[in-house]
Each structure stands twice: as C-alpha cells, then as structure tokens.
Amino acid sequence: MSRGIVLGASSGIGAEVARQLLDRGDEVTLVSRRAPTPAPSSAAVSARADIRDFGRLETIFTEACGRGPLDYVVNCVGVGFYAPLGADNSTVWNDILTVNVTGLLNLLSVVDRTCPELPRLVHVSSMAAHRVSRTPGNLAYSVAKAGAKTIVEQYRQGLRAAGRHTKVSMVSPGFVEATDFGRNYFSRTTGSAPQPDIYGGHRNLSAADVAEIVAYVLGSPPHIEFLDLVFCSPEQPG
C-alpha cells in the first residue's frame, strides 16, 4: 500500500485524484481549505488548510509523516477568476497569484522540511503555463501558472544538484469541465461584463481524465521521471 497527500481534495480534479488513489488501496491524507472533506474510507485522513498558511501545512505534513513514510504528494490547488485589466481587480489578482505561486512555494518548502526523501511529487498545472491563454480576463492566471512552471523546474534542478532523488512532475491539462474554475470563473466580476462560454462549445476533458494521468505518473517505474505532460481534448483549439 502506498501513502500520500493530495492537496485540493475537496472538489474537481483533486477530489477525483483522491478517489482513484483510494480505490486502488492507497492511504491518503486529503487536504482542503474548506471544511474538512469527509473521509470516504478508513484509509483516508481529512485535514483543513489553506496552501498559503505555511504553519498549518507544516503541521499536516509532520503528522502524516509521523504515521509512516510518504510515497507521493499531489498538488491540485489552484484558482482562477475573470479579472481583466482596465478595472481595479487588485484583490482578485492578489488571490490568484498568492494561491498559485506563494502556495506552491510554501508546499515545496514544507516538503523539504518534513519529507526530503519523498519519492514523487506531482503538480497539477494547466496549458496556460505554456502559452498565452485564450480565455478572456485570464492574464493573472496565465502569469501565475507560468511562474509556477518556473518554480517547479528550478526545484527539480535544485534537487538534482543536491543529489536528491525526488521525481517532480507537472501535469498540464487543457480545459477541464465541472471544476471550480469553470463554476466560479465569473463569480468575482463587478458590473455587467459579458460572461462568454469559456469552454467554447467543444469537447473538453473531465476531472477523471486528469486523475488517470496523475495515477499513471505515480504508478510508473521508479527510474522514470515525467517532466511535464501537456494534454487536451483533440477538439480544443491549440
């Protein structure tokens, strides 16, 4: 049985990742900033934390490591909102940047302090990290995802330079339906700005699709490190 931590486990991709890992028999700590997610099995432990809260993250990881060595950490935390230029969206921009960038820095620092011999770490990102987003009002999110990509790549290089063997992978899907991103994207919009269909009327991925890729990475042979898996529906415009 493998042991791991899934952050962002209360909904969307994180919830589906946790479900699939538990279904295969893993022991998983489910971390969410909302009220603790009800543990779906005796192999699950629920914990509440905002990824921006370093101290709380460190406590959760220390407790999890106290129950035995971890085999993996999967970070599914991320937020994005419609927040275009030309308006005072400073609060929204700050939330996007701190969750996606500061939160990731917190997580990697906590991993270094509590489980430096961790075998695998997977960060769920987005195609927005790799090219200019076509979604309206999405500039801050794209900047945050591109910044997080740089953090992950430099972290991996630092591990190798230090002779450490944690395999660090990014999973970067295109549009994924039925997640908080789509449900909440226009939730902080002021005024009467148009709210287009950001999914473009074409087929998109599901949370289960992304979770299967994550599970594949986690189940791959220990001598293989996936650097970045970028994927989308064939119908999604590049």
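Reader: What radius of gyration would a compact globule with 238 residues have, and how does the chain agree with that?

Author: This is a predicted model. A compact globule with 238 residues would have a radius of gyration near 18 Å, and the chain has 17 Å, so the chain agrees with the globule rule. Its C-alpha atoms fill a box of roughly 50 × 40 × 35 Å along the principal axes. Buried residues make up 50% of the chain. Of the contacts with a separation of 6 or more, 71% are between residues 24 or more positions apart.

Reader: How many helices and strands does the chain have, and what pattern do they follow?

Author: The chain has six helices and seven strands. Along the sequence the pattern reads β-α-β-β-α-β-α-β-α-β-α-α-β.

Reader: Why are C65 and C232 called partly exposed?

Author: Partly exposed is the class between buried, under 20% relative accessible area, and exposed, over 50%. C65 has 22% and C232 has 32%, so both values fall in that class.

Reader: What makes the pair D23 and R19 a salt bridge?

Author: The limit is 4 Å between a side-chain nitrogen of Lys or Arg and a carboxyl oxygen of Asp or Glu. In D23 and R19 the closest N and O atoms are 2.6 Å apart, so the pair meets the limit. The two residues are four apart in helix α1 (residues 12–23), which means a separation of about one helical turn. D23 is exposed, at 57% relative accessible area, whereas R19 is partly exposed, at 41%.

Reader: Which parts of the chain does the salt bridge of R34 with D180 link?

Author: The closest N and O atoms of R34 and D180 are 2.2 Å apart. This pair links distant parts of the chain, with R34 in the loop between β2 (27–32) and β3 (44–48) and D180 in helix α5 (residues 180–184), 146 residues apart. R34 has 31% relative accessibility and counts as partly exposed.

Reader: What does the salt bridge of E225 with R160 tie together?

Author: The closest N and O atoms of E225 and R160 are 2.8 Å apart. E225 lies in the loop between α6 (207–218) and β7 (228–231) and R160 in helix α4, so the bridge ties together parts 65 residues apart in sequence. Both are partly exposed, E225 at 25% and R160 at 34%. The structure holds 14 salt bridges.

Reader: Which residues form the nonpolar patch on the surface, and how exposed is V143?

Author: The patch is formed by L85, L97, L139 and V143, with about 380 Å² of accessible area together. Patch residues need over 30% relative accessible area. V143, in helix α4 (residues 139–161), has 47% and is partly exposed, so V143 passes that cut-off.

Reader: Where does P84 lie, and which residues is P84 in contact with?

Author: P84 lies in the loop between β4 (72–75) and α3 (90–114) and is partly exposed, at 23%. Leaving aside neighbours within four places in sequence, P84 is in contact with N89, W93 and G137. P84 and L139 are 55 residues apart in sequence, with 6.9 Å from C-alpha to C-alpha.

Note on methods
Residues numbered from 1 in each chain as written. Predicted model: local features only at pLDDT ≥ 70, side-chain atom pairs only at ≥ 80, totals over all residues. Heavy atoms only, no water. Buried < 20%, exposed > 50% of the residue type's maximum accessible area, 1.4 Å probe, protein only. Patch = residues over 30% accessible without salt bridge, like charges linked within 9 Å, V, L, I, M, F, W, Y side chains within 5 Å. Areas by Shrake-Rupley, 256 points an atom, 1.4 Å probe, with all protein chains shown as cover. Contact = heavy atoms within 4.5 Å. Rg over C-alpha atoms; globule rule 2.2 N^0.38 Å.
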